[in-house]
Amino acid sequence: GLHARGLAAELRHFVAALHEHVVARVLHSAWQELVAEVDKADSPGAARDAHAAFLDAAARQCLVSPDPTWTLLAAQVRAALAIACDFAAAHRRAAAAAAAAAADAD
């Protein structure tokens, strides 16, 4: 019904916004910093340190840091994504049941 369509739109928006955050804001900016630091590196060790900093920054911003604040936020994001997945599965089951019922009616 109307409420289900509204919820579906909100869930799609959440997932799209999360994807945008990870790709455009986290990985893109962290990658640019990595490239700049690797360009300045004067040894393999300096390049390795730049890469380690890139991984730490990306992990922290992608909510996989051991920091308690990020851990709490990550749990909330995972819960929202689980709801989105459950909703999508229920929607697929309902659509399949409706299609089967329509086929039986013919």
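The structure is a predicted model, in which local features need pLDDT of at least 70 and side-chain atom pairs count only at pLDDT 80 or more, while totals for chains, interfaces and linings use all residues. Residues are numbered from 1 along each chain as its sequence is written, and side-chain values use heavy atoms, with hydrogens and water left out.

**Overall shape.** The C-alpha trace spans about 75 × 30 × 20 Å along its principal axes. Of the 106 residues, 14% count as buried; buried means under 20% relative accessible area, exposed over 50%, and partly exposed in between, with a 1.4 Å probe and protein chains only. Among the contacts (heavy atoms within 4.5 Å) with a separation of 6 or more, 58% come from residues 24 or more positions apart.

The partners are Glu37 and Lys40, whose closest N and O atoms are 3.0 Å apart. Both residues lie in helix α1, three residues apart, about one turn of the helix. In general, an α-helix has 3.6 residues a turn, so residues three or four places apart point the same way. Glu37 counts as partly exposed at 39% relative accessibility, whereas Lys40 is exposed, with a relative accessible area of 59%. Leu27 also belongs to helix α1 and is partly exposed, at 37%. Leaving aside residues up to four places away in sequence, Leu27 touches Val22 and Ala58.

Helix α2 covers residues 44–61, and at 1.5 Å a residue its 18 residues should span 26 Å; the end C-alpha atoms are 26 Å apart, which agrees. The expected span is 1.5 Å times one less than the number of residues. Ala50, Phe54, Ala57 and Ala58 are the buried residues in question within α2. They cover an arc of only 95° around the axis, which puts them on the same side of α2; the arc is that of the directions from the helix axis to the C-beta atoms. These buried residues pack against α1 (2–40), and the face turned away from them carries the exposed residues Pro44, Arg48 and Asp49. Following α2 comes Leu63, whose phi is positive, near 70°.

A search of the whole structure also finds one aromatic pair. It is formed by Trp31 and Phe54 in an edge-to-face arrangement, 5.8 Å centre to centre with 80° between the planes. The pair links distant parts of the chain, with Trp31 in helix α1 and Phe54 in helix α2, 23 residues apart. Rings of Phe, Tyr and Trp (its six-membered ring) pair if their centres lie within 6.5 Å, and planes under 30 degrees apart count as stacked, over 60 as edge-to-face and the rest as tilted. Phe54 itself counts as buried, at 14% relative accessibility.

**Helix α3.** The 38 residues of α3 should span 56 Å at 1.5 Å a residue, and the end C-alpha atoms are 55 Å apart, which agrees. Its buried residues are Ala74, Val77, Ala84 and Ala89, and they pack against α1. Phe87 lies in this helix too and counts as partly exposed, at 22%. Not counting residues up to four places away in sequence, Phe87 touches Ala4, Leu7, Ala8 and Leu11. Thr69, found in helix α3 (residues 68–105), is exposed, with a relative accessible area of 59%.

Technical notes: Helices (H or I, at least four residues) and strands (E, at least two) are DSSP runs, numbered from the N terminus. A salt bridge is a side-chain nitrogen of Lys or Arg within 4 Å of a carboxyl oxygen of Asp or Glu.
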